[in-house]
Amino acid sequence: MPEINNPVNLLELTPVQLKEFVKLIGEPASSAERILKYIYREYAAGFTEMSDLDSSLQQKLAAGADLGELAPLEELVSADAQTRKVLFRLNDFNTIESTIMFFKNPGSGRERRTVCISSQVGCAVGCRFCATGQQGFVRNLSTGEIIGQILFFLRRFRDQMPAPVKGKNRAWLTNVVFMGMGEPLANYDNVRQAIAIINSPKGMGMGFHQVTLSTSGLVPQIRRIGAENLQFQLAVSLHAADDVLRDRLVPVNRKYPLSELMPACREYAAKTGRNIFIEYALFENINDSVGEAEKLMHLLDGLPCSINLITGNPIASSEFQPSSREVALIFQKKLIAGGIRTMLRVSRGTDIAAGCGQLRSRWLGQRGGDI
Ligand code: SF4
């Protein structure tokens, strides 16, 4: 149970911890079930919306707890209305970004709704092509701030959910990806607690295959999640197949070079029995040649994985420009011919600064800082 300060943000607590909290304030544990239902099935934004709670419990909650509401400062919707990005202000006036993306499979008509969330304010990894990487590191997000990003979108769209789906958020929100601002494995404990809430049947009730955590390659933490057999999909942002180029693109490679990262990935896959997603952003004349594709195939030989290629979102004044679709298709074809399952992802929301950290960078540029 986390230390109880006043007020307690209920989004920090797993369902089991919430039950303990309810007992601590002198209420029956069964009240926790009703509070959980309101938070994670009805997406209540405040205690006054929890109409069937006793008034004494409502008063105790109002006095000693909150739901950690994030304040949206800016909300942008792409021209095709399929991507919505939000800049939030946190209680300490720092800012973070989150995105929701809507997909429809043209063949099956199946719809997906994916929320991309941040795990830190800024990021210490400093990837050269990433707007967040240029902002530096400020602090880790708390579990409640992580969960609050997902709930914001569930609350925003709750009135549009078909009636039979409301109450079963698993059916509406299909994926949560830790691919926003920050290196999630550098905020291990809070991210782990958030995933426990996302996975819990009394929390968000999402399956492990619906949660993806993307890392720049922190080797000790990859080994740790393999040993703990944590339940989610791991994605490794590789972007280069040799140390010289990766040192330049993803500076953490100087600390954890490919000779350490790749064995850690193999160990993780062997221990968990899961495939790894390899993320590879294609940048013009930097990492998009057929020769680079061949090196990548060689590096991944024998690793149970699939590759997600994306033509990167360029940041202002960057030497990194996205590869053309034609070049990306040639790169993809080469990998598929080599027997590696390879998807070419479409960049989403390029008209609304959807790349990681771009909206916050614009905000910082206008204001000269968060605080
Ligand atoms: S790409 Fe990810 S790990 Fe790299 S600087 Fe950006 S937020 Fe950090």
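1. Which residues are the closest to the ligand, and how many surround the ligand? Twelve residues surround the ligand, and the closest are Cys123, Val125, Cys127, Cys130 and Gly133. A residue is taken as near a molecule or strand if its C-beta atom, placed from the backbone, lies within 6 Å of it. By class, this shell comprises six nonpolar, five polar and one charged residues. Here Ala, Val, Leu, Ile, Met, Phe, Trp, Tyr, Cys and Pro count as nonpolar, Asp, Glu, Lys and Arg as charged, and the others, Gly among them, as polar.

2. The model is predicted: local features need pLDDT of at least 70, side-chain atom pairs count only at pLDDT 80 or more, and totals for chains, interfaces and linings use all residues. Residues are numbered from 1 along each chain as its sequence is written.

3. The domain assignment, which is automatic or from a database, gives domain 1 (8–66) and domain 2 (71–367). Their C-alpha centres lie 32 Å apart. Ten residues from domain 1 and 18 residues from domain 2 take part in the contact, where two residues are in contact if their C-beta atoms, placed from the backbone, lie within 7 Å. The side of domain 1 that touches domain 2 has six nonpolar, two polar and two charged residues.

4. Ten strands form an open sheet with mixed pairing, in the order β3-β4-β5-β6-β9-β10-β11-β12-β13-β14. Helices (H or I, at least four residues) and strands (E, at least two) are DSSP runs, numbered from the N terminus; two strands pair if DSSP finds at least two bridges between them. At the edges stand β3 (71–77) and β14 (342–345), each with a single partner strand, so one side of each has no neighbour in the sheet.

5. Within this sheet, β3 and β4 (residues 83–89) pair in the antiparallel sense over six bridges, and the bridge partner of Pro72 in β4 is Phe88. Their hairpin has five residues between the strands, and Ala81 takes a positive phi near 65° there. In contrast, β11 (residues 233–237) and β12 (residues 276–282) pair in the parallel sense over three bridges; Val236 has Ile278 of β12 as its bridge partner.

6. The axes of helix α10 (residues 290–299) and helix α11 (residues 325–337) come within 9 Å and cross at roughly 30°. Axes are lines fitted to C-alpha atoms, for helices over the stretch in contact, and angles run from 0 to 180 degrees between N-to-C directions. The contact is made by Val290, Ala293, Leu296 and Met297 of α10 and Ile330, Phe331, Lys334 and Leu335 of α11. These residues divide into seven nonpolar, no polar and one charged.
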